[in-house]
Amino acid sequence: MKNNSSTIDLKLTNNERLFLETKSVFKPKNIKDYIPKNFKVFTFNAGFKKKFDDLLIIIFDKVITSSCIYSKTSTPSAPILWDKKYNRGDVKALIVNSGNANAHTGKKGLTIINEYTKYLSKLIKCKKNEILVSSTGVIGEIFDPKLIINKMKKINQSKSTSLLNAAKSIMTTDTYPKISVNNVKIENKNIKIFGIAKGSGMIKPNMGTMLAYIFIDISLSKKVLKQLIYENAENTFNSISVDSDTSTSDTLVLFSTSNQKINIKKNKNFKNLNLAIYKVMRDLSLQVIKDGEGLSKLIKVNILKCKSKKQAKEIGFSIVDSPLVKTAIAGQDANWGRIIMAIGKSNINLDQNKIKIFFGKNLVCSNGAANKKINTKKINKYMKNKIIEITAIINNGEIDHSVYGNDLTRKYVEINVDYRS
C-alpha cells in the first residue's frame, strides 16, 4: 500500500484511505437511492472513523416484526450475543456501528450495548428488548458507549435521511454502498422490498451474510418471515465466499414494516412474494461478492449432476475457496488441474473418470484426462474476462448448485496487512 501524506490522508483511518484508494472493477455506475416509508433513518459520524459516517440508527414508526439469522461462529460478537438474549422478533429500533466489531470484548462488550440501548429505549419510549444491534469492524477493541449515546442525543434535531446514506454508514473496507430495491404487485397492491448490505472481506457466510437488512412494505407474521428468510438464505448469501473466513458478526434481518396486508396463505401470493425477496437477497449477495477485497475477477462455479445440494456446495466452495484456484484465475491461467485438486480435497465419494470440467463453454477435461481438442487460443482469450464461469459436471446424481467467489490478488494482501494501521 503506497503511503499518502496529503492533508486529507492524515485525517483518515486506514479503512477510510482504503475506501478512497481502492475501486472495485464491478462498482455500479449508478446506485439508485430511496427514501423509506414507515421508519426514519439517521446516520452520524460517531468517532469510530475520522471522517465518514459510522453510525446508523433506524427508528420504526411502530413496533414491527422481524426475523434474524446470525453467524454460526463459535466466537460470536457481543451484538449477536445481546440480540439472541433479548430480542424475540419485535423491533422498534436498529442500531449499527461500523469501525469496531465489539467482538471478543467479554462482559464489557455487553455492558457497552446495555448502556446505549438503555438510553435509546428511554428516548423513543420502547422496551430494551425491542432494539436490535449490530457492529462491524476491528475485533477485540473496547469503545466508550458515549460515542453512540452522544449522537442519539441529536436524533430529535436531525432529519431522516435516505437508504443510500444508511448503506454508506455501515461500510468498512467496502468500496461502494450496497442497495437493492424491488417492486412486486400482489392482489393489486404495490409492495416494495428493499435492503442494504455491507461486506468485502472475511466473507464466507454460514447463515446469511456479513450485515444485511431487508425491509418489506407489508404486514407479515414472525413465522412467515422466518420461512422467507430460511427459504432464500441458502441460495443467496450462503452461496458466496470471498476468502473462506466466516465473520464473528454475520447478521441477516428481514423486517415487516407496513400495515398493508395480503392473503399470504394463498400459494400464488406466497410464491410471488418469496421470489421478490429472493431477487433482493440475490442482488445484495452478488454486490457483496463483486466487492471482494482486492478482486480483479468474479468466479462463478456451477456444480452439476451431484448427489445432493450439500455435496454440491461442499465441492463448489472447495473450488472457489482454493488459494491455488483463485491465484490461477487472477493470473488468467486456465489451470484445470487445480480444479481437479479442489474437487478431490472435498472428500466427496465420486468417480473422477466421470467428471467433466468447463471454463466457460470450453471443455478442458473429461473421462479422467485432458481434453485433447482444447483450443488454447480460445480459452486464453476467455480467461481475460472479468467474470469467469467454471462448470464441473460430477455425474453422481441429479442436483445442481452454483456458488460465487473471486480471485486472490496482491491487493487483497495489501488491504489486510494495512487493516488496523
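Colleague: Is lysine 128 buried, partly exposed or exposed?

Modeller: This is a predicted model, where local features need pLDDT of at least 70, side-chain atom pairs count only at pLDDT 80 or more, and totals for chains, interfaces and linings use all residues. Residues are numbered from 1 along each chain as its sequence is written, and side-chain values use heavy atoms, leaving out hydrogens and water. Buried means under 20% relative accessible area, exposed over 50%, and partly exposed in between (1.4 Å probe, protein chains only). Lysine 128 has a relative accessible area of 29%, so the term is partly exposed.

Colleague: Where is lysine 128 found?

Modeller: Helices (H or I, at least four residues) and strands (E, at least two) are DSSP runs, numbered from the N terminus. Lysine 128 is in the loop between helix H4 (106-124) and strand E4 (131-138).

Colleague: Which residues does lysine 128 touch, not counting those up to four places away in sequence?

Modeller: Contact means heavy atoms within 4.5 Å. Tyrosine 86 is 42 residues from lysine 128 in sequence, yet 7.9 Å away in space, C-alpha to C-alpha. With that separation rule, lysine 128 touches Trp82, Tyr86, Asn114, Thr117 and Ser121.

Colleague: Is threonine 236 buried or exposed?

Modeller: Threonine 236 is found in the loop between helix H7 (222-233) and strand E8 (251-256). Its relative accessibility is 1%, so threonine 236 counts as buried.

Colleague: What lies 2.7 Å from a polar atom of the side chain of threonine 236?

Modeller: Leaving aside neighbours within four places in sequence, threonine 236 is in contact with Tyr278, Met281, Arg282 and Ser285. At 2.7 Å from a polar atom of its side chain lies the backbone oxygen of asparagine 232.

Colleague: How many residues of strand E13 are buried?

Modeller: Strand E13 spans residues 387-393 and is mostly covered. Of its seven residues, the buried ones number five.

Colleague: Which strand pairs with E13 in the parallel sense?

Modeller: Two strands pair if DSSP finds at least two bridges between them. Strand E10 (residues 356-359) pairs with E13 in the antiparallel sense over four bridges, and there phenylalanine 359 has isoleucine 390 as bridge partner. Seven bridges join E13 in the parallel sense to strand E9 (residues 298-306).

Colleague: What percentage of the protein's residues count as buried?

Modeller: The protein has 13 helices and 14 strands. Among contacts with a separation of 6 or more, 80% join residues 24 or more positions apart. Of the 421 residues, the buried share is 55%.

Terms used: A polar contact is a pair of N or O atoms within 3.5 Å; within protein, one must be able to donate a hydrogen and the other to accept it, and residues adjacent in sequence count only if both atoms are side-chain atoms.
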